[in-house]
Each structure stands twice: as C-alpha cells, then as structure tokens.
Amino acid sequence: MDAALLLALGLLSQSLGLSWGGPRLQPSTLHLWRRAPLSRVRRAWVIPPISVSENHKRLPYPLVQIKSDKQPLGSIIYSIQGPGVDEEPRGLFSIDKFTGRVFLNATLDREENDHFRLRAFALDLGGSALEDPTDLEIVVVDQNDNRPAFLQEVFTGRVLEGAAPGTYVTRAEATDADDPNTDNAALRYSILEQAGPQQFSIDQHTGEIRTVQVGLDREVVAVYNLTLQVADMSGDGLTATASAIISLDDINDNAPEFTRGEFSVEAAEAVSGVDVGRLEVEDRDLPGSPNWVARFAIMEGDPDGHFAIRTDPRTNEGVLSVVKPLDYEGQVRYELTVSVQNEAPLQTAAPRAQRGQARVSVRVQDVNEAPVFPENPLRTSLAEGAPPGTPVATFSARDPDAEHLQRVSYTKDYDPEDWLQVDRATGHVQTQRVLSPASPFLKDGWYRAIILAMDDAPQPSTATGTLSIEILEVNDHAPVLAPPPSSSLCSVPDQGPGLLLGATDEDLPPHGAPFHFQLSPRVPELGRNWSLSQVNVSHARLRPRHRVPEGPHRLSLLLWDSGQPPQRREQQLNVTVCRCTPDGVCLPGASALRAGGAGVSLGALVIVLASVVLLLLLVLLAALRARFRRRSRDKSLLYGLQDDLRDNILNYDEQGGGEEDQDAYDMSQLRHPAELSALSLPLVRPPLRRDAPFGHVPPQPHRLLPTSPADIANFIRDGLAAADSDPSVPPYDTALIYDYEGDGSVAGTLSSILSSLGDEDQEYDYLRDWGPRFARLADMYGHP
C-alpha cells in the first residue's frame, strides 16, 4: 500500500476515533510534507479538519502527530502557532517538538469557540525551515450541554370571550445555545397544564398559542394560567418551563336585570329636585365597562314628566327623583313602568333578560303647601303723582291644601321707597304717599315691590310675589323756550337765516315733542310784522315779514306740547334787529342797542348796570384812600423825622438803581453844576414822575449856591421843600438827591454844617433817644 493511501486511512480512522470519543493512546500520524516519487507528479492532498469533542475530560489528550521525511527522526524540530497556542485563548494546545505530537490540554466549549486554525512548522536543528508552513484546523464537536431558555418567564395574552376556535392569542419564544444545525438545538413547545378543559393549544414548532374550541366565558373564567414547556433534541432532550397568562376581554353577552319585579317608594308633594328611591339591578358583565353600565327609562305612568331616573356610577342602581312638584290634591299615587338596558348594545347571541322591566309604585305624601299667587309677577299701572290712598292692586294668594284650609296673611318684604301699604288680611295694596319721579328705584318707569303671603299652619309656609307697577307719564309740564344762540336777525326779510328757536319739556313722550310755536294772538301786530315757520318737532324759525326798524324788539310767543291735554305757555322773546350785508351778516355798529337782545330781561339789564356802577365807585374810593395815605406819609418824612426815624426801620417799595439805571433816575443830578457846564450837556426837562401830585410841574425858581458853610443848612432846607413839590425828581419813597457833595464842592462837607457855631449852640441830647449807638455820639458831642 503506498504512502498516500496509508495517510488517508490514518486520517479517517483518527477522525472517527475523536468524533465518538473512543479511547486512543497513540494519535494518528500526518505526513504533512511527504514527497511523491520522482517518477510521477501527484496532486497535493486536502487535509480534512481534526475533530475533537467539547467538554473532553481526559487531559492532556493526544490529537495527532505530524512528520516530515526530509530528515530522520530526532533531527527535526516541530512547532505550532495560532489561537489556543500563543494567542488567546492560550494553552489549549501544545506539541512535542521532537516527535510532532499535538495534545489537547484544556476543556473546550463549542459555544465559545467552535473551531481553531493553527500553523505547523518543521525546522532543522539550526533553526532553518525544512518545509513550508502548513495549516492545521481543529473543529470542536458540539455536545448537548445547554438547556433551552424561554425569552420571558411569563407570557401574556388577551382574547375576547366567545372567540372562535383557532383565534391567535400570543406566542412563546425560547432559544438554545447549542449548535442550531444539530438536534441539540432542535426545540419543541408544549402545554404542560391549563386550568379547566383544553381551551388553548400551542404550535410545537413556532410557539403560537391559539384557542381550540368555543365556550370561552369571562363570567365563568376570566383569566387562564398556562404552564409551557420547551425541549431540545426535538423534544427528547433538555427542557425548560414558563407561564402564559391569558385574559378574556368582556363583551356584552349579559343583559342587566332588576333584582325584583316591583318597587314601592313615597314622595312628598310640592317639592322638586329630591330623590325618592333606588332601583337595584344586576349585570354579570365587567363592572365599570359600557357592557355593565345601566341606562333606565320610564316607559309608562308619567305623562306630565314628574319623575326622572339617573344611574349611580358606583352601584349601577337607578335613582328615582322628582323633577316637577307633585300635587297631593291632584293625584295621590303613580304607577310607573321602568326598563333597563346597557350603555353598549347587547350581543345578538346573548340571552334576553327575564326582568328587563319593573313596576314602581309612588305614593304622594300630603304636606302643608305654601300659598299660591294666581298671577306672579303681578303687573299694573299708576299715574305719576298719584295722591296717598290711591288703590294699586289686590295681590291675593290661595291655599292649595284642600283638606286643611288655612288663613293667609300678607306683608311687605321689599318696598324701597316705603310707598305702598298692604292690607294684612286681604292683600289690597294702595299708596301711602306721593312717589317722587326722580326716585332711583324707578327703572325705565317701573317700580318693583315684593309681597309675602303666609298661612297660619303650625309650620307656616310662605309664598313670595312680585308686584311691578308702571308709572304712567302725565302731561304736567309746559314747554319752555330755550335761549337761542344768537338774538340778532336782519331787518330785511330775505337777508340772513332768521332766528332759530327751540323748546324743551320735562315730560317724557308722548307728552313732549312735537312742540307748536305761535305768535301771541293777544298782540295782532306781531302777526303782521313777523312770521314763524316750523323746522322740526322741537324748533321753529322767526323772520320779519317786511323791513322792520333796527333796534331791540320784544315779542310774545305761545308754545304748547303734544300731550293730552296739551300744556301751554306764553313766553317773552327779546330780539335785536340789525342792518346786514347781502350775505346776512350784521354790520359792525349797525345797532347800538344790542344789549337788549333776546334772552336778557330788563331787570337783568338793570342789575348788570348797577353792578358796573358799584364797581367803579369801589375803585374810586380805593384810589382816594391810597392818595391820602401817600400825603400823610410824605408829611411825616419832612416834619416828623425825629419821631418817626428813632428805633425804626423804614421799608420802601423801590430802591434806585446805580449809575446804570438811566430810566428811573436822572443821573445828571448827581453831577456838579460845574461839570454839567463843562460837558456842555443840554438842560433837558427831566421826565415827569408818575406819582407827582396833580400831574403837573410847578415853576422852580433859580437857586443860588451857598457861598459859606453857614448858608448850607438853609440851602438844604430849601432843597427839601423844592424836592417835595418837584414831580420830576424820584418818587417819595426813594432817596432824595439834594445836591452834589464831594471834592471841589462849594458847599463843603456835611460835617461842616454849623461848624462855626460853638458847642453851646448845639443840642445832642436827643440822640440818646435813638438807641445805644447814638447815645455814645451824644456823649462825644453833647454837654458833659
């Protein structure tokens, strides 16, 4: 047998031995680099993978032996590289470098690595490659070492009750970590347990859960709990379990029913909006769902709509209530037929309810009812200004209790103006004083009052009635002529717009406009000279019929309104006739008597003139008083200087300006006469003082300058008198300029006045009366 055949047989036996895990002490030999004879060329062998089972226990385990025929045994060094040797995961495989034997050193897990590809090398003792590197593939053979696992511990599903067989519910899913191409991962599903009859099935290959028969009833079993199983090896291997919870959704397959066929309740009369009883029902469908919620209806026995039924959302009971007051005297008992059904429509296949209707007997209880006003509110009318004691209305009520009649009494509850008086026994209403038309409680001409009617039962009842009184307007005011905006009109009939006249009336329609205007028939000449034309319901236009004299005219007009009977008023109208331009405008000064125009009476004109005269008199008296005060003040400045100036401060209303104030003062007076002549200034008359007496300038005599100090006192005294009477000098209440004093003055200084006289001729004791400062001066110059 040649070497190639031996190699093939060896590989086959080695592969079979490893796959089945059979015991082998010596691995097969692979001549990876065997050369073919020189006589013929052979195709290279395809080396099959080396198979080894996962989870192998006998370690180290020889896998294979590799050889090269280049050199004899012992002169070749073998090595392997790759994952499981010098790459992660390291240490799984090793080789005897002299014999070429490959060993498995650790347990393999196919779920982590299902194969390894190694590189084999053959070197001489010097480290040189004897052969080209070749691949060595090791395949890990799967074992059923993993259980299948469901993706969820609990699967949930929902299906309508009464669903047809084969209806899809949910799907269970599982996985297996073993090789999916082997039976180790071939999964099969099954239902181990389900409560009650077999209502559901599962597809063993897909895990889909479906219904298998009719009869799912939520009211019998609402939730199904299934125990599921999955097994590998096509159902004969490892297993795992999970749960499936299937809920049935409700449908309206149960009609609501009354718990009994007849109900009996009581209801008090004369009340509404009260509950009088409850009607119990039962429904097997899901509480709170539209399949369970009941809806009630009154089929018979209530033609007038006294009752209503609503559903209590918590208990699903029917609540019977009175919505329209009952009358014991009218009907004592009601027999009602009530039906019930669900909010959702009932399934066609559902059985009909045996007690879908019930009879409800309502007995009416007699109570003390409040009196009843036959007409409420009661409306009536009354003329304005009605005197006290005027009848208004009889606002009476009746007692509806037929078996127990009571007496009714009446009182006022609301009468803001205290205008009405009510008879307690009869309800007769009359006025007790005159109602003011300006009352704030009159709304659009209506006055509202509230009357109470009370019976005399042990527990009295009260009724409230509203009395509305319309205050009718009475024509008690005549129209009044409104003052026109202008009282002038042209003397020529065709010029100007005429005079527009308007009227007002305090009465309301229909006793007001339209107003009627007429010239007084008592004065016939008015109709011959003037014309009145109606403009609208409240205005008329006055025009002259022919040219009338200019000046004031007094006309008498007659006005009346449209009331029944009409009110009339005769009123005087003052107008002024003027000469006008062609376009109807009064010429300036055309009439000097316009003050007597329309709308201003003679008495008013006299009052205005008297007021003007009185005002002029007051102004004149004030001027005279001010003038006399000024004279007395000027006199005191000249003659009473010592008495008035001692220990007093004189306040003046005006103070002269400086040299720049050229308007108030004549600055030339401050200059020396010699300077004036040197400057060649013209001797101009100074301006007249505004406060000068009598408004004229008396002639001033020529004054000689003093030639000696002894003449200075006389010069000053004469200057004072001249200044007081000279209107051209500054006012009385400003500084008086007597003459020039200074360097070169011929008068000398003031300190030289009477200096030639002896001390015995001077009296300085009076200076002590002027105060402490002047007392010291008196001590210096007076007698020791």
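1. Start with Phe263: at 4% relative accessibility it counts as buried, where buried means under 20% relative accessible area, exposed over 50% and partly exposed in between (1.4 Å probe, protein chains only). Before you go further, note that this is a predicted model, in which local features need pLDDT of at least 70 and side-chain atom pairs count only at pLDDT 80 or more, while totals for chains, interfaces and linings use all residues. Residues are numbered from 1 along each chain as its sequence is written, and side-chain values use heavy atoms, with hydrogens and water left out.

2. Now for the rings. The structure holds nine aromatic pairs (rings of Phe, Tyr and Trp, the last by its six-membered ring, with centres within 6.5 Å; planes under 30 degrees apart are stacked, over 60 edge-to-face, the rest tilted). One of them joins Phe200 and Tyr224 edge-to-face, with 5.2 Å from centre to centre and 75° between the planes. Phe200 sits in strand E14 (residues 200-202) and Tyr224 in strand E16 (residues 223-231), so this pair ties together parts that are 24 residues apart in sequence. Helices (H or I, at least four residues) and strands (E, at least two) are DSSP runs, numbered from the N terminus. Are Phe200 and Tyr224 buried or exposed? Both are buried.

3. Why is the pair of Phe258 and Phe263 edge-to-face? Because the ring planes stand at 65°, with the centres 6.1 Å apart. Phe258 counts as buried because its relative accessibility is 0%. Go and find Phe150, Phe155 and Tyr189 as well: ring pairs link these three into a cluster.

4. Phe155 turns up again in strand E10 (residues 154-160), where the side chains alternate. Which strand pairs with E10? Seven bridges join E10 to strand E17 (residues 239-249), and the two run parallel; strands pair if DSSP finds at least two bridges between them.

5. The charged end of Arg568 sits over the ring of Trp560, 4.7 Å from the ring centre (the rule asks for NZ of Lys or CZ of Arg within 6 Å of the centre and within 35 degrees of the ring normal).

6. On to salt bridges. Side chains of opposite charge can pair when their charged atoms come close. The count here comes to 18 salt bridges, each a side-chain nitrogen of Lys or Arg within 4 Å of a carboxyl oxygen of Asp or Glu. Arg117 forms one with Glu137, and their closest N and O atoms are 3.5 Å apart. Arg117 belongs to strand E7 (residues 115-124) and Glu137 to strand E8 (residues 134-141), so parts that are 20 residues apart in sequence are tied together. Arg117 is partly exposed at 44% relative accessible area, and Glu137 is partly exposed at 24%.

7. Arg278 and Asp312 make another salt bridge, with 2.9 Å between the closest N and O atoms. Arg278 is in strand E20 (residues 274-279) and Asp312 in the loop between strand E23 (307-311) and strand E24 (318-322), so the pair ties together parts that are 34 residues apart in sequence. Arg278 is partly exposed, with 43% relative accessible area, but Asp312 counts as buried at 12% relative accessibility.

8. Arg579 and Glu550 also meet in a salt bridge (3.2 Å, N to O). This pair links distant parts of the chain, 29 residues apart: Arg579 is in the loop between strand E41 (568-578) and H3, and Glu550 is in the loop between strand E39 (539-544) and strand E40 (551-560). Arg579 is partly exposed at 38% relative accessible area, and Glu550 is partly exposed at 32% relative accessibility. Elsewhere, salt bridges that share partners join Arg218, Glu219 and Asp250 into one network.

9. Ile50 is placed in strand E2 (residues 50-53) and counts as buried, at 3% relative accessibility. Ile50 and Leu136 are 86 residues apart in sequence, and their C-alpha atoms are 7.8 Å apart in space.

10. Last stop: the surface. Which residues make the nonpolar surface patch of about 490 Å²? They are Leu614, Leu618, Leu620, Leu621 and Leu624. Patches take residues with over 30% relative accessible area and no salt bridge, joining like charges within 9 Å and nonpolar side chains (Val, Leu, Ile, Met, Phe, Trp, Tyr) within 5 Å; areas come from the Shrake-Rupley method with a 1.4 Å probe, and for residues only the protein chains shown count as cover. Leu624 lies in helix H3 (residues 602-639) and counts as partly exposed, at 38% relative accessibility.
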